[in-house]
Amino acid sequence: MATAHIVPVGMVDIELLRALLNLLPSILPNWIFELNNPVPPPIKAYSAERKQYKASVIALYLPKFSGYTLGITPYDIYEEGFNFLFGLAMPKVGKAIVSYHRLRPEFYGFTPNFKLLLERLGKEAVHELLHLHGLHHCPNSKCVMSFSNSLLDTDLKEIMPCEQCRRKITSS
Ligand SMILES: [Zn+2]
Ligand SMILES: [Zn+2]
């Protein structure tokens, strides 16, 4: 059993957030999800040169709760060594951040698709939450814990953890 506090970072689509809050308990049924007040993105996380926010700076700046904190942001995020990230988890501090900037079909010139966006965001949110819960990357490309290098990887994997990862969740 775990509690996850969801914190919108910046102007998050409220409809998307509500849909995510409905989706998550169906994937992690024994978890408690709390929606918290939005926070603005920290100015010090912004790189004017890259026009992106540094994921670890946002994650560290998120409010601390008992349990896990997951920030959701519409802004593009990065980390040294990566052009961009879909999400970043910092298990030692119990905080993670997911960006849906590059999960939106319109980012790639496609028509907006709420259902697809929600599915992608759900996968990335579950992925980062399970990192916080102590799980590592899984070699099974269908498993939610497989690493997404590209959107193709995200679309290929399922929102559910594989059998082996599921066993790790219940034993922790
Ligand atoms: Zn990961
Ligand atoms: Zn797995």
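**Entry 1: getting my bearings**

Helices (H or I, at least four residues) and strands (E, at least two) are DSSP runs, numbered from the N terminus. With that settled, I looked up the elements and found five helices and nine strands in the protein. Read along the sequence, they follow the pattern β-α-β-β-β-α-β-β-β-β-β-α-α-α.

I noted that this is a predicted model, where local features need pLDDT of at least 70, side-chain atom pairs count only at pLDDT 80 or more, and totals for chains, interfaces and linings use all residues. Residues are numbered from 1 along each chain as its sequence is written.

**Entry 2: overall shape**

I checked the radius of gyration (taken over C-alpha atoms) against the globule rule (2.2 Å times the number of residues to the power 0.38). The value is 15 Å, close to the 16 Å that the rule gives for 172 residues, so the protein is as compact as a globular protein of that length. Its C-alpha trace spans about 45 × 35 × 35 Å along the principal axes.

Next came burial: a residue is buried if 20 or more other C-beta atoms lie within 10 Å of its own, exposed if 12 or fewer, and partly exposed in between, with C-beta atoms placed from the backbone. Buried residues make up 37% of the 172 residues.

**Entry 3: strand β9**

Is strand β9 enclosed or open? Five of the five residues of β9 (residues 95-99) are buried, so the strand is largely enclosed by the rest of the structure. I remembered that in a regular strand the side chains alternate between the two faces of the sheet. Here Lys95, Ile97 and Ser99 point one way, while Ala96 and Val98 point the other way.

Then I looked for partners; two strands pair if DSSP finds at least two bridges between them. β9 pairs with β5 (residues 68-73) in the parallel sense over five bridges, and Thr69 has Lys95 as its bridge partner. β9 also runs antiparallel to β8 (residues 87-90), with four bridges; there Gly87 stands opposite Val98. β8 and β9 form a hairpin with four residues between them, and Gly94 in the turn has a positive phi of about 70 degrees.

**Entry 4: the core**

A nonpolar core is a set of buried Ala, Val, Leu, Ile, Met, Phe, Trp, Tyr and Cys residues joined through C-beta atoms within 7 Å. The largest one has 40 residues, and those with the most contacts inside it are Ile58, Leu70, Ala96, Ile97, Val98 and Leu129. Helix α3 gives the most to this core, with six residues.

**Entry 5: helix α3**

How far does α3 reach from its first C-alpha to its last? It has 19 residues and reaches 27 Å, close to the 27 Å expected at 1.5 Å a residue; the expected span is 1.5 Å times one less than the number of residues. The buried residues of α3 include Leu121, Ala125 and Leu129.

Leu116 is also found in α3 (residues 114-132). With 15 C-beta neighbours inside 10 Å, Leu116 counts as partly exposed. Just after α3, Gly134 takes a positive phi of about 100 degrees.

Key: Chains are lettered from A and ligands numbered from 1 in the order in which they are written.
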